[in-house]
Amino acid sequence: MSDHERTFVMVKPDAFARGLVGTVVSRLEDRGLKLVGIKVETMPRERAEEHYSEHEDKPFYDDLVDFITSGPVVPMVWEGQDATRQVRQMIGETDPLEAAPGTIRGDYALDLGRNVVHAADHEDEGANEREIGIHFDDDELIDYDQHDAEWLYE
Ligand code: GDP
Ligand code: MG
């Protein structure tokens, strides 16, 4: 279990409005990932700009920041073996048209700008810890034993 890591995931405002919070959480729980942080909030603009700073030069940046601050979101931290890669596979390609059926975006989204969920990018080294640090204080992440860990991991 040496490659256990934490990763940042967030239900976006479109999914919140559509009542998909539980669905997203259930998918990650069912996979065996461990929930260590979760909250509901409307993201302050300054934090949204920091969250999406890698896209600040892109033409869609302003719309992206407007959208992510437009309604409630559910920032979360999940832990598990290869958690960042596991979650990225589960959410699917950025454009729902390219996202395979069976992925979250492939099952619940149609449009690139309304793609239900954010997750830290495994190809961007350190994105998981950086994004956790942007959205959570250390004391908001809880430490507990995952009771079924011995059945999830060799
Ligand atoms: P992600 O990591 O899969 O969410 O994708 P990116 O980090 O590349 O982009 C962040 C978010 O910006 C995506 O989830 C999309 O909602 C949005 N986005 C990405 N590319 C485009 C684009 O070309 N046009 C528009 N309108 N939105 C985009
Ligand atoms: Mg990204």
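**Notebook: a ligand shell, a fold and a core**

I began with the ligand and found that the shell of residues around ligand 1 divides into three nonpolar, four polar and two charged. I noted that the model I am reading is predicted. I then listed the residues around ligand 1: Phe60, Asp63, Leu64, Thr94, Leu112, Gly113, Asn115, His118 and Asp121.

**Entry on His118**

I looked up His118 next, as it is one of the residues around ligand 1. The UniProt annotation "active site", from an unreviewed entry, covers His118. I located His118 in strand S4, which spans residues 117–119. Is His118 buried or exposed? I counted 20 C-beta neighbours inside 10 Å, and the cut-off for a buried residue is 20 or more, so His118 counts as buried. Leaving aside neighbours within four places in sequence, I found His118 in contact with Val9, Met10 and Lys12.

**Entry on the fold**

I recorded eight helices and four strands in the protein chain. Along the sequence, the chain follows the pattern β-α-α-β-α-α-β-α-α-β-α-α. Its radius of gyration is 15 Å, close to the 15 Å that the globule rule gives for 154 residues, so the chain is as compact as a globular protein of that length. Along the principal axes, the C-alpha atoms fill a box of roughly 45 × 35 × 30 Å. I noted that buried residues make up 32% of the 154 residues. Of the contacts with a separation of 6 or more, 70% join residues 24 or more positions apart.

**Entry on the core**

I found that the largest nonpolar core has 29 residues, and that Val9, Met10, Val11, Trp78, Val87 and Val117 have the most contacts inside it. Strands S1 (4–11), S3 (74–81) and S4 each supply at least two residues of this core, as do helices H2 (21–31), H5 (83–91) and H6 (104–108).

**Entry on backbone angles**

I reminded myself that most residues other than glycine have a negative phi. Asp82, which is not a glycine, has a positive phi of about 50°. I placed Asp82 in the loop between S3 and H5. Asp82 counts as partly exposed, because it has 14 C-beta neighbours inside 10 Å.

Val116 also is a residue other than glycine with a positive phi, near 75°. I placed Val116 in the loop between H6 and S4. Val116 counts as buried, because 25 C-beta neighbours lie inside 10 Å.

Conventions. Residues are numbered from 1 along each chain as its sequence is written. Chains are lettered from A and ligands numbered from 1 in the order in which they are written. This is a predicted model: local features need pLDDT of at least 70, side-chain atom pairs count only at pLDDT 80 or more; totals for chains, interfaces and linings use all residues. A residue is near a molecule or strand if its C-beta atom, placed from the backbone, lies within 6 Å of it. Ala, Val, Leu, Ile, Met, Phe, Trp, Tyr, Cys and Pro count as nonpolar, Asp, Glu, Lys and Arg as charged, and the others, Gly among them, as polar. The radius of gyration is taken over C-alpha atoms; the globule rule is 2.2 Å times the number of residues to the power 0.38. A residue is buried if 20 or more other C-beta atoms lie within 10 Å of its own, exposed if 12 or fewer, and partly exposed in between; C-beta atoms are placed from the backbone. Two residues are in contact if their C-beta atoms, placed from the backbone, lie within 7 Å. UniProt positions are given in the numbering used here, feature names are shortened, and annotations may be inferred rather than shown by experiment. A nonpolar core is a set of buried Ala, Val, Leu, Ile, Met, Phe, Trp, Tyr and Cys residues joined through C-beta atoms within 7 Å.
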